[in-house]
Amino acid sequence: MAHIVKILEGFSFIPRKELTLLEALEQENVSIDYQCREGFCGSCQVTLVAGEVSYTTDPIAFIPEGKILTCCCQPNSDMTIEIPGGCKMKQRSS
Ligand code: FES
């Protein structure tokens, strides 16, 4: 079942089921930090305000309470997230 992802101070969208949350945010053109994309570095973390995720791989990075790693999780319910620094869109380069 499709779940709605709401970005605080941003917008809501329905990600494709097979995408990680990071990939889904990128597809929506949201600017978000990442490095390893494999759950090691912790740089892709956002605050989970409401809802649930399931991890596609076990993350190695320490995840503080209330945070999730977007590179290795998928929505498990409708959810609300807060991106550090706010919801910014990527600049298109053409
Ligand atoms: S990008 Fe490194 S943990 Fe997600």
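The following questions and answers concern the predicted model of this protein chain.

User: How many helices and strands does the protein chain have, and what pattern do they follow along the sequence?

Analyst: In this predicted model, the protein chain contains one helix and nine strands. Read along the sequence, these elements give the pattern β-β-α-β-β-β-β-β-β-β.

User: Which radius of gyration does the protein chain have, and what would a compact globule have?

Analyst: The C-alpha atoms fill a box of roughly 35 × 30 × 25 Å along the principal axes. For 94 residues, a compact globule would have a radius of gyration near 12 Å. The value for the protein chain agrees with this, as it is 12 Å.

User: What is the strand order of the open sheet of five strands?

Analyst: Strand 1 (residues 5-7) is joined to strand 2 by two antiparallel bridges, and to strand 8 by three bridges in the parallel sense. Strand 8 (residues 79-82) also pairs with strand 4, antiparallel, over three bridges. Strand 4 is in turn joined to strand 6 by three antiparallel bridges. The open sheet therefore has mixed pairing and the order 2-1-8-4-6.

User: Which strands are the edge strands of this sheet?

Analyst: An edge strand here pairs on one side only. Strand 2 has strand 1 as an antiparallel partner, and strand 6 is joined to strand 4. The edge strands are strand 2 (12-13) and strand 6 (67-69).

User: Which residue in strand 8 is the bridge partner of L48, and which residue there stands opposite I7?

Analyst: Strand 8 pairs with strand 4 in the antiparallel sense and with strand 1 in the parallel sense. In strand 8, T47 stands opposite E82, whereas L48 has I81 as its bridge partner. I7 also stands opposite a residue of strand 8, namely I81.

User: Which residue of strand 2 is the bridge partner of V5, and which residue of strand 6 stands opposite V46?

Analyst: Strand 1 and strand 2 run antiparallel, and V5 has F13 as its bridge partner in strand 2. Strand 4 and strand 6 likewise run antiparallel. In strand 6, the residue opposite V46 is I68.

User: Is L22 buried or exposed?

Analyst: L22 is found in helix 1. Beyond its neighbours within four places in sequence, L22 is in contact with I32, Y34, R37, C44, T70 and C71. Because 20 other C-beta atoms lie within 10 Å of its own, L22 counts as buried.

User: Which residues does L69 contact, leaving aside its neighbours within four places in sequence?

Analyst: L69 is among the residues with the most contacts inside the largest nonpolar core. Leaving aside the neighbours within four places in sequence, its contacts are G39, G42, C44, Q45, P59, A61 and I63.

User: Is N29 buried or exposed?

Analyst: Most residues other than glycine have a negative phi. N29, although not a glycine, has a positive phi of about 70°, and lies in the loop between helix 1 and strand 3 (30-31). Because N29 has 11 C-beta neighbours inside 10 Å, its class is exposed.

User: What phi does R37 have?

Analyst: R37 lies in the loop between strand 3 and strand 4. R37 is partly exposed, because 16 other C-beta atoms lie within 10 Å. Although R37 is not a glycine, its phi is positive, at about 60°.

Conventions: Residues are numbered from 1 along each chain as its sequence is written. This is a predicted model: local features need pLDDT of at least 70, side-chain atom pairs count only at pLDDT 80 or more; totals for chains, interfaces and linings use all residues. Helices (H or I, at least four residues) and strands (E, at least two) are DSSP runs, numbered from the N terminus. A nonpolar core is a set of buried Ala, Val, Leu, Ile, Met, Phe, Trp, Tyr and Cys residues joined through C-beta atoms within 7 Å. A residue is buried if 20 or more other C-beta atoms lie within 10 Å of its own, exposed if 12 or fewer, and partly exposed in between; C-beta atoms are placed from the backbone. Two residues are in contact if their C-beta atoms, placed from the backbone, lie within 7 Å. The radius of gyration is taken over C-alpha atoms; the globule rule is 2.2 Å times the number of residues to the power 0.38.
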